[in-house]
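Thanks for making the time this morning.

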Amino acid sequence: MGSHCNDSLESSIKIPTIKFTQLFINGEFVDSISGKTFETIDPRTGEVTARISEGDKEDIDLAVKAARHAFDYGPWPRLPGSARAKIMMKFADLIEQNVEELATLDTIDAGKLFSMGKAVDIPTVASAVRYYAGAADKIHGEVLKMSGEFHAYTLREPIGVVGLIVPWNFPSTLFSLKVSPALAAGCTMVVKPAEQTPLSALFYAHLAKLAGIPEGVLNVVTGFGSTAGAAISSHMDIDAVSFTGSTEAGRKVAQAAAASNLKVVSLELGGKSPLLIFDDADVDMAAELALIGILHNKGEICVASSRVYVQEGIYDQVVNKLVEKAKAWVVGDPFDPKVQQGPQVDKRQFRKILTYIEHGKREGATLLTGGKPLGEKGYYIEPTIFAEVKEDMLIAKDEIFGPVLALAKFKTIDEAIQKANSTRYGLVAGIITKDLNVVNTVSRSIRAGTIWVNCYFAFDNDCPYGGYKMSGFGRDSGLEAFHKYLQVKSVVTPLYNSPWL
Amino acid sequence: MATRRISSLLSRSLTSASSATLFSRGRNTSSLSRGIYKYSTATAVEAPIIPPVTVNHTQLLIDGQFVNAASGKTFPTLDPRTGEVIAHVAEGDAEDINRAVAAARKAFDEGPWPKMPAYQRQRILLRFADLIDQHNDELAALETWDNGKPFEQSAKIEVPMFARLMRYYAGWADKIHGLTVPADGPYHVQTLHEPIGVAGQIIPWNFPLLMFAWKIGPALACGNTVVLKTAEQTPLSALLASRLLHEAGLPSGVLNVVSGFGPTAGASLASHMDVDKLAFTGSTSTGKAVLQLAAKSNLKPVTLELGGKSPFIVCEDADVDTAVELAHFALFFNQGQCCCAGSRTFVHERIYDEFVEKAKARALKRSVGDPFKGGIEQGPQIDTEQFNKILKYIRSGVENGATLETGGERLGDKGYYIKPTVFSNVKDDMLIANDEIFGPVQTILKYKDLDEVIRRANSSPYGLAAGVFTHNIDTANTLTRALRVGTVWINCFDTFDAAIPFGGYKMSGHGREKGIYSLQNYLQVKAVVTPLKNAAWL
């Protein structure tokens, strides 16, 4: 059983006053037009942290208008890339100066580990801003080889006004992975953070303003998917939308985009990612990666290693080690530095996960450890491992988005590949082996956007990630993501008397 | 508007002419002329302004320490305004180059620099850029004192550009991509772009800090270590800049700076067996010597940025006033000491006479004087040797029958000031139309049609840059492709940006600096191949 660390930390951690609860439109914090608000809840207690302005269609309209104006007439796309970069570098410095407060906001909003936020999530936000700032003056088109007497070249132009819809599991990281390349490209944008986690996005908007990002370039509208989110996807004056979230919601975004102005869509959706552990793997390392792969961020991560396949030769050893490690895993208040897992984000997720655990038991999988809520307050769930999971069981098919691992055994490489690919998703896969040929064969055979070999969660600014199949299309991170925010224009003119063609 | 700030500061592009007033005093001199000496007034009678800076670094920088030369020798670096000594600088020779290469070798082989995550290298270069900003005027004052270029040019353009270049290369550090490569069969193929190793770099005196940036920027971003030799005329600013780079967190041994002379320090760097790559900017004759030394020693790859005799072509549809202003800038900028100076001004016969008249008038207005004085467009030439060489070329122009429209002699009796000089009726076979003069001497040639000017423009051993002045897209496209040069500036000149590659055709050199192209100079490509078993696809 994951131990529950229940020391009261309220006295030792200073929760900052919530400074920003309104929509950020055209450089100003404003109430929603309807005047409505919604509650954002602390998942440690289920209590209300703050009341946040609830943006709806007319607020999105206002934000798009501001973004459109900033794009069509404002300085941002007309600045040299190096000047945008300089402002973005300032933005990154400001983020670094506010690491503690930003990490706190994500912890009270999403139940994320405070120590992790401070050491990893928020510094990563700053590094992504810097990465794309460094790309802003390196947008190259190409001069083309025409078959006749023509001079032709491509211009990579900012795509225009972009809608960015960000989920609640990594409110800071995903905000940054969408906003940074869009800013660097010279786009203007309307960001909708998840209704569960609106706080840090508003704080980033405030810092962006301090850094000198001009009004209208970055607008943040807090609100719900079915209203504000839908208004973005179906807006006639948004040129592209980038969405991260569930596959069901992603489908709605793509439909709305198609039904409205055919805006360019990129989707980073769900996953049911396999981790394949081969006989030659180091058992301890394999068990460690498998456990972190599913329990990191309480399993609320689209790339979670939620299906672990172990080759029969070391299956028992890996399982024993895994259960042992799961039992030592510390669940509790995310502000406690000893704690490895905080509460699930909200009641709905909490219930959904527990329902899946019940399914697993009913369908005949073997519950090795966990399977229950922890404590009386908040949304804590024990690290849960099911063995002998069959491919047709719900817990092997659906994205649970919680600390629930499905284990199974395999014999041959072909069987491992076949099992790994028997999913509608294709986000990532992990491979643990020292055998070069196995690595190369499996890497090319698995239909997924990222393969981690002898590592997991090896994200990097320069390393694109995104999905095959129903995990979505388009990539975040790297220069691949940058190109999502750029249009290609070909310019052609005749040549006379050219000495070469 | 900030949108054109960087490029327009160095260009006279038509569209940004209004914002680019730093050097163009053509039509608005009156408000600025107070206290500025037109060259017809003897400048040198005034005592030189005391430079607002002290010289703190005169030693060699080896393995993170400022040290004396092994021989203990020093050489004087001179103030081109007076010919007087600014400071005595440690004189590096073969033994010092050996020490510096050993330090760079160790820093490369043992780290931490090439082993550091690119993001950390980026952060150090970004901190360096911030320190350059903070020491802007100090760096600019050293630059002007040692080189003689106008302080306003150093402080408002060159040092900010230096910081800009470092930020640009910082951004490359974490974006250096190899490729995965297709193969004819079941193979997995990748290319790794690895740092090349110890880079030897030799820079000239005309833009000491910018040349320093062009060289060390890509080398450091790619994870190399460096031994850099500054020009003996201008050793000072690089030493201060290098100290700032160490303050920013550069590990010891990664950048070593050796002051000294070409035949001694330069030659031993070029012929060193443990230097993996050489980059040189300077004259074509020295470039040849450097390339030979590299070939004779360990066949290190060499990039060369050498001389030029760049054509500036004014077409018949040009607006004469703007063309005159731009052509003036193209030649006289930096006392004419630019490898890419527009030193052959080809003007269409239909507008030739008007052009010559106005070019002469513009040259007469050029403000020459103490470069520390505000509003000065032109300071002294770098040293006696250059000064005498330029005056010799002027004499040859007169002797060969070109018309000396204005200038043609020294200004004042102290320092290396030369009056802005304009020759008309210049013929292709005259020495002044063929040799790189590297001074404030404009030569104006007449032409009739496009084919003729293409032929004449290309009949030069050089091929660095060209200016094209026309509004006709077809003329612009034809000239652009026909000219055998590394840069074509259309309706602008000297528009430099970190991302724009620069380098020469023919005897103007090998390779390109700046931009994405500059990274290739400092990277080795390693192909990695392994068989694939049961590949899902090929």
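This is a predicted model: local features need pLDDT of at least 70, side-chain atom pairs count only at pLDDT 80 or more; totals for chains, interfaces and linings use all residues.

What percentage of residues 66-528 of chain B is helix, what percentage is strand, and how many Å apart are the end C-alpha atoms? Over that stretch the chain is 40% helix and 20% strand, and the end C-alpha atoms lie 41 Å apart; helices here (H or I, at least four residues) and strands (E, at least two) are DSSP runs, numbered from the N terminus.

Residues are numbered from 1 along each chain as its sequence is written, chains are lettered from A and ligands numbered from 1 in the order in which they are written, and side-chain values use heavy atoms, with hydrogens and water left out.

Staying in chain B, the unreviewed UniProt entry lists Glu305(B) under "active site", and this residue is found in strand E11, residues 302-305. Glu305(B) counts as buried because its relative accessibility is 3%, where buried means under 20% relative accessible area, exposed over 50% and partly exposed in between, with a 1.4 Å probe and protein chains only. Not counting residues up to four places away in sequence, Glu305(B) touches, among others, Phe280(B), Leu464(B), Phe502(B), Arg512(B) and Glu513(B), contact meaning heavy atoms within 4.5 Å.

Turning to chain A, Pro334(A) is placed in the loop between strand E14 (330-332) and helix H11 (347-363). Pro334(A) is buried, with a relative accessible area of 1%, and, leaving aside neighbours within four places in sequence, its contacts include Arg44(A), Thr107(A), Phe114(A), Val339(A) and Tyr380(A). The C-alpha atoms of Pro334(A) and Ala281(A) are separated by 32 Å, although these residues are 53 apart along the chain.

Lastly, also in chain A, a helix pair: Ile87(A), Lys90(A), Phe91(A), Leu94(A) and Ile95(A) in H2(A) meet Tyr204(A), Leu207(A), Ala208(A), Leu210(A) and Ala211(A) in H6(A).

Key: UniProt positions are given in the numbering used here, feature names are shortened, and annotations may be inferred rather than shown by experiment.
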